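Morning, everyone. One structure today, and I'll keep it quick. Please have a look at it first.

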Amino acid sequence: METPDKSSTAIAFVYRGTLVHSTPKEALQILEDALLGVDSEGKIAFIGEGNESQKLSEVFRFSPSAVTQLDQHEFLMPGMIDTHIHASQYSYAGTALDMPLLQWLNNYTFPVESQFKDLEFANKVYTQVVKRTLRNGTTTACYFATIHTDAALLLGQITNDFGQRALVGKVCMDRNDAVQHYRETSQESQDETNRFIKELLNRKYPLVKPVVTPRFAPSCTEALLAQLGATAKNNNLHIQSHISENLEEIKLVKELFPKSESYSDVYHKCNLLTDKTVMAHGCHLSDKELALFRETGAALSHCPNSNFSLCSGLLNVRNVLNHKVKLGLGTDVAGGYSSSMLDAVRRTLDGSKVLTIQDREHKTLTFEEVFRLATLGGSQALSLDEQTGNFQVGKDFDALRVNVAAPGGPIDLIKYEEPQIRLEKFLNLGDDRNIVEVFVAGRKVVPFREA
Ligand SMILES: O=c1[nH]c(=O)c2nc[nH]c2[nH]1
Ligand SMILES: [Zn+2]
């Protein structure tokens, strides 16, 4: 039995049944006929065995009626963590995938993002993306908004209202020759970033934090990057951006920052690689750059759907793991066409298999390892692993109740299946129909409450 200090916080509810989650040591730990209690603050109060039910109910003073029994096809798993998603690109997800990155940005992305000055449009798109990702089992999302401060604040409000844990970034860019009305001056970018941080923090949303968001090196002058690095440091904030996604982009960075030794060095010089940094992609990082990530504690977000869809590159996840760089998965909507983290899991496995096809010595990722990347790995990448990522007493209860045999769902079970098989089937074949309930910090956020 794993228990805390038996503090007097009341137990709100208890689940009995199969739990699956990851630990730093075990990619997949299965607890069968377990009891998991959640306190009134939304934290995991205890995890025990079914046969300890009498003792636990006495110690934690809950009645048998507080216990919900999961059925034989069900399990609880930690909520999934999308470490990189552009909320502002959701309206065209599933389209516009016929160009490489830099052309894609100029032709599709910047024109759409520039519309977020209109708060009504922002409200529509941001409400849809938050609802969709929650339904898909994303309990934590690390969002890019746009350069518009008020729309980014609105995204913070919407995530708070729907109960999703989120990092929200107002995008910074003081360079954009292609779509000149979609950029800021350096001064505006700094001032508006400061306003965004101050106003979001003032709202005291318990699960929503600001993240300093230089779009990527080609969109920012060195002066702005350095200023943002200082802002993040002075306020102890998260940082997110993109790195080494495609070869043309890397060449452009070399031209724009001739004094830097590498793409990573551009960010490092500006104090943007910290243990609260998450950089998307990194498909083409050298081993030396990966070593720098390890040294600084900066993390990578692997976004395979986007990398395939924009023909950007193929990240060798095994190599990143061997370098002990913190790593999570991201959907990267809308370079990635799916907003589901289950898709990110599948594409990660596909990518690893492609590497094995190319080189039989490559050690293919297992589904258990990728499950860990989608949950605990994501929490580590976002430096939120003290709050979420797995079922550990004292952490917030961020969880999915999954029914592999949900009526009308996409999976047919012929017979009872062991938990490991149930999880594998869900990861490979499941969708939101299998996600019966979603909890964030102990609050049931799916099904949505009536307004
Ligand atoms: O996948 C991406 N999506 C973006 O919006 C972006 N901006 C810079 N680099 C980017 N990569
Ligand atoms: Zn991105």
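Pro447 sits in the segment after β17 (443-446). Helices and strands here are DSSP runs, H or I of at least four residues for helices and E of at least two for strands, numbered from the N terminus. The bond joining Val446 and Pro447 is a cis peptide, with omega about 0°.

Now the ground rules. This is a predicted model: local features need pLDDT of at least 70, side-chain atom pairs count only at pLDDT 80 or more, and totals for chains, interfaces and linings use all residues. Residues are numbered from 1 along each chain as its sequence is written, chains are lettered from A and ligands numbered from 1 in the order written, and side-chain values use heavy atoms, with hydrogens and water left out.

Back to backbone geometry. A cis bond also runs from Val333 to Ala334, with omega near 10°. Ala334 is in the loop between β14 (327-329) and α12 (341-358). Then there is Asp33, in strand β2 (residues 29-39). Asp33 is not a glycine, yet its phi is positive, about 45°.

On to the ligand. Which residues surround ligand 1? They are His86, Gln89, Leu101, Trp104, Leu105, Arg215, Phe216, His242, Glu245, His281, Ser306 and Asp332. The cut-off is a heavy atom within 4 Å. By class, the shell holds 4 nonpolar, 5 polar and 3 charged residues. Nonpolar means Ala, Val, Leu, Ile, Met, Phe, Trp, Tyr, Cys and Pro; charged means Asp, Glu, Lys and Arg; the others, Gly among them, are polar. Helix α2 (residues 101-113) gives the most to this shell, with 3 residues.

Next, N and O distances. An oxygen of ligand 1 is 2.7 Å from a side-chain N or O atom of Asp332. For His86, an oxygen of ligand 1 is 3.5 Å from a side-chain N or O atom. For His242, a nitrogen of the ligand is 3.5 Å from such an atom. And how much of ligand 1 does the protein cover? The answer is 100% of the 280 Å² of accessible area that the ligand has on its own. That area is Shrake-Rupley, with a 1.4 Å probe.

Note on methods
Polar contact = N/O pair within 3.5 Å; in protein donor to acceptor, adjacent residues only side chain to side chain.
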